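Hi everyone, thanks for making time today. I'd like to walk you through one structure, so let's bring it up on the screen.

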Amino acid sequence: MNRESVVLRPDVVIERTREGGYRLASRSGALCHHVGRTGDPSTLEALAGAGVPFDDGPITRLWRQGWLSLVVNGDDGAPVLTLHPQSCPPPRPPGGGPGRPLSELVVLRRTGQEYALESAGAWCSVRVTRPRDLAALLAGDGELGHYLDWAGMTADEAEPAQLTTAQWTPHELAFHQQTRVPGAHRSAAFGRSSWGKERFAELPARHERFRGEGIALAKPDMAELRRSDQPLTAVLEKRRTVRDHDEASPLTVLQLGHLLYRCARNRWLVERDGSEFLSRPYPSGGSAYELEIYPVVRNVAGLDPGLYHYDPQEHRLRAVSDRAGDLLAHAALVAGTEHQPQVLLVITARFGRLMRTYRGMSYALILKHVGVVQQLMYTVATAMGLAVCALGDGDATAFAAATGLDPLAEASVGELVLGSRPGRANGGGV
């Protein structure tokens, strides 16, 4: 017969109040949420240790608020599974018996010495330590299966899937939930913190230089642009996605340099408290500016074909590789065009610039930055009379092979096609 007990959730700590009482707090990164107070230190000590039996006593309120984990012990006294709440637990469903089949949204992963069953549709994470218990749980063991029902990790095969559920994939829904539904019960560290400064060396703001002195790019006359540029509203109204390019009059290196200067140069670089901070024409969380631009050139007047890195501090291009064919071919496929683009701008992220400061939200923030850069490039390219098309997919494997970069340290996260605009822009989009 399984015995149940409750303990403090792993991320919950006990704090003393000024009035001499106690309170529970959940720490997620730099966040601390007030939960409640109790004047019984022995109960708190037990909850922070081996736990107390699960009953309808004074701990019920703490359980209903989601600050306790439920431990299910086997006949040998060892934990069989643990429910770690991520929101307030719902009432326990009546009855037991074999559980229903697992939902397609459930993900199984290894975390430390435990196996974790997680689902964006569940109110808790189910943790199992022993492989035999995991096998019994997945097999629908009558003693354990109803815990998955309670957790919200099962589905009824006899019922058709709802459209609102079927439209999600497990990783997309989990990504959404973990980055958009924080609350006080988030089980993982989240938000801005200094955790990385204690464990990792500072990643410089400037990318490590690629070989050679590189190619100096032209800078636009910003004073003249301020006088002659079209009004912003007019540019935004004219903005269109243009996939075809004028091969007879291709993009020039002068135009490429002007666009990169207006969209991605470093306006300033400073050091504060041992960390480097940048400013570019677009905003970036924490002034980290983790994004880098790699122009993949096929047909640009005044520039040899190949893969380049844009140095935003010196406003230069540095050759990286001549292995650009796979990237250009994939871009044409995604854009739905017969011809490869004149230029593919690959946007990468140096993940450590953000991940050493932001926990649990870094990748979501990176994708927001990509969108900001793409919109800026759309606007500037439109003002310059160029053809521009953002892509929804890219070949990160081909990019890693071409550059030799560690994909866990820096990888492509966005792409944008650029070229000269035909006289009559064909292949237009929204």
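**Cysteines, a buried serine and some helix packing**

Let me start with cysteine 88, which is partly exposed, at a relative accessible area of 43%. Cysteine 389, on the other hand, counts as buried, with 3% relative accessibility. As for disulfides, the structure holds zero of them. Please keep in mind throughout that this is a predicted model.

Now a step back for the overall picture. The protein chain has 430 residues, and 46% of them count as buried. Its secondary structure comes to 14 helices and 21 strands. If you take the contacts between residues at least 6 apart in sequence, 70% join residues at least 24 apart.

Next, let's zoom in on one spot, serine 69. Where does serine 69 sit? You'll find it in strand 6, which covers residues 68–73. Is serine 69 buried or exposed? Its relative accessibility is 0%, and so serine 69 counts as buried. Its side chain has a polar partner: there is a polar contact with the side chain of histidine 84, at 2.6 Å. Beyond the neighbours within four places in sequence, serine 69 touches several residues, among them Ser5, Val6, Val7, Leu8, Arg9 and Pro10. Trp63, Thr82, Leu83 and Pro85 are also in contact with serine 69, as is His84.

On to the helices, and a pair I rather like. Two packed helices are described by the angle between their axes and the distance between the axes. For helix 6 (residues 170–180) and helix 13 (residues 362–383), the angle is about 95° and the axes are 9 Å apart. Angles of 65 to 115 degrees count as roughly perpendicular, and these two helices are therefore roughly perpendicular to each other. Who meets whom here? Helix 6 brings Phe175, Thr179 and Arg180, while helix 13 brings Tyr363, Ala364, Leu367 and Lys368. By class, that contact has four nonpolar, one polar and two charged residues.

My last stop is helix 11, residues 325–335. Which of its residues are buried? They are Leu327, Leu328, His330, Ala331, Ala332 and Ala335. Those buried residues pack against strand 15 (291–297), strand 18 (343–350), strand 20 (386–391) and strand 21 (410–420), and also against helix 14 (396–403).

Note on methods:
Residues numbered from 1 in each chain as written. Predicted model: local features only at pLDDT ≥ 70, side-chain atom pairs only at ≥ 80, totals over all residues. Heavy atoms only, no water. Axes fitted to C-alpha atoms, helices over the stretch in contact; angles between N-to-C directions. Helix = DSSP H or I, 4+ residues; strand = E, 2+ residues; numbered from the N terminus. Parallel < 35°, antiparallel > 145°, perpendicular 65-115°, else oblique. Contact = heavy atoms within 4.5 Å. Nonpolar A, V, L, I, M, F, W, Y, C, P; charged D, E, K, R; others polar. Disulfide = S-S within 2.5 Å. Buried < 20%, exposed > 50% of the residue type's maximum accessible area, 1.4 Å probe, protein only. Polar contact = N/O pair within 3.5 Å; in protein donor to acceptor, adjacent residues only side chain to side chain.
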